[in-house]
Amino acid sequence: MKKIEYIILGHLNPDVDSIVSGVLLERYLNRLGYSAKFVIPDLEVDSENIDICCRYGINLRDYKDSLPDDKEQKYILVDHFERTVDGQVVGVIDHHPTGKELSYPYYRNERASSTASMIVKGREKQFTTEEICLAVLATMVDTVSFHSSKTLPEDVVWVKDMVNSYNLSYSQLCKEGLCLTNICKADDFLWHGLKEYQFDDKKLASSSVLVLNPNNYKEMLSNAFLLIQDYVSNHSLELFALLIHDMTKFQSDVYYISSHKVEKEEFDHFVSRGSEVIPELEKKLYIKKLNII
Ligand SMILES: [Mn+2]
């Protein structure tokens with residue numbers, strides 16, 4: 001087999017934006033004559049993400065693979081900016097703000113509604129209608145159909161422009177963007193959208209669910225807290241942030257869970273994990289004012 005020059009990775013437990021960005025960047029780089037492959041090494045991917053990608057023509061099985069044991073292998077990260085790999089990270093395309101100074105050969109981290117839109121915007125001619133539809137889909141999902149605070153007005157304009165120019169179904173894409181979480185049991189609160197964050201020697205983790213009425217899950221939630229506290233202890237975390245988004249009111253509750261304490265913060269808007277909750281915790285962690293621990 002020919003050696004792959006660039007392996008493209010989305011973040012752990014990749015979401016729709018990570019997956020679509022990986023697929024689109026792979027195709028784009030290969031069209032330019034590079035040899036690139038998007039790989040999903042994760043054993044677990046949330047089933048909603050598998051389903052939605054499948055409905056839009058991406059079969060995750062085509063991308064699931066283990067990573068090579070090769071220190072020379074070059075990696076490009078999409079939709080996240082750091083990763084421990086057996087090889088070298090040579091490029092990053094991301095939209096998650098950070099205070100960290102990062103020095104990759106290619107580093108592009110901008111305010112954007114999705115990583116997929118960063119890849120396609122301004123290069124539309126080099127993508128097919130189906131691929132543009134995927135980038136719009138990823139943008140709708142990542143911004144919860146423009147309800148998230150990370151939505152940029154210029155991206156709303158771009159999406160509308162794409163919908164008109166390529167004759168896409170806006171109402172269908174909006175519906176996909178709401179992505180309600182299918183919650184059956186307490187541990188869905190722990191696993192859904194689970195991400196871990198490393199800041200020096202400190203580790204945080206977070207999960208998030210989208211529901212129509214959070215009150216329906218009150219009883220399940222106390223069990224979820226116990227499961228999460230176990231997880232916090234077993235993974236030596238400083239803190240776990242559980243985000244519950246109310247998709248009727250477009251407001252969010254964030255529960256900060258440590259091994260011995262649970263605190264709730266209410267947001268009057270759909271809070272963004274990557275742009276608000278985690279950067280705020282990161283700041284508090286560095287100035288050692290994480291009183292909730
Ligand atoms: Mn994203």
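Start by selecting Glu131: this residue is buried, with a relative accessible area of 2%. Here, buried means under 20% relative accessible area, exposed means over 50%, and partly exposed is in between (1.4 Å probe, protein chains only).

A quick word before you click on. You're looking at a predicted model, where local features need pLDDT of at least 70 and side-chain atom pairs count only at pLDDT 80 or more, while totals for chains, interfaces and linings use all residues. Residues are numbered from 1 along each chain as its sequence is written, and side-chain values use heavy atoms, with hydrogens and water left out.

**Stop 1: Arg27 and Glu131**

A salt bridge is a side-chain nitrogen of Lys or Arg within 4 Å of a carboxyl oxygen of Asp or Glu. Arg27 sits in helix α1 (residues 16-31) and Glu131 in helix α4 (residues 129-142), so this pair ties together parts that are 104 residues apart in sequence. Helices (H or I, at least four residues) and strands (E, at least two) are DSSP runs, numbered from the N terminus. Arg27 itself is partly exposed, at 22% relative accessible area.

**Stop 2: Asp155 and Lys121**

Next, pick Asp155 and Lys121, whose side chains meet in a salt bridge (2.6 Å, N to O). This one links distant parts of the chain, 34 residues apart: Asp155 is in helix α5 (residues 153-165), and Lys121 is in the loop between α3 (115-120) and α4. Buried or partly exposed: which is Asp155? At 2% relative accessibility, Asp155 counts as buried, while Lys121 is partly exposed at 31%.

**Stop 3: Glu263 and Lys261**

Select Glu263 and Lys261 for another salt bridge, 3.9 Å from N to O. Glu263 is partly exposed at 32%, and Lys261 is partly exposed at 30%. Then bring up Arg27, Arg31, Glu130 and Glu131 together: salt bridges that share partners join them into one network.

**Stop 4: the rings**

How many aromatic pairs does a search of the whole structure find? It finds 9. Rings of Phe, Tyr and Trp (its six-membered ring) pair if their centres lie within 6.5 Å; planes under 30 degrees apart count as stacked, over 60 as edge-to-face and the rest as tilted. Phe199 is in strand β6 (residues 195-199) and Tyr286 in helix α9 (residues 273-286), 87 residues apart.
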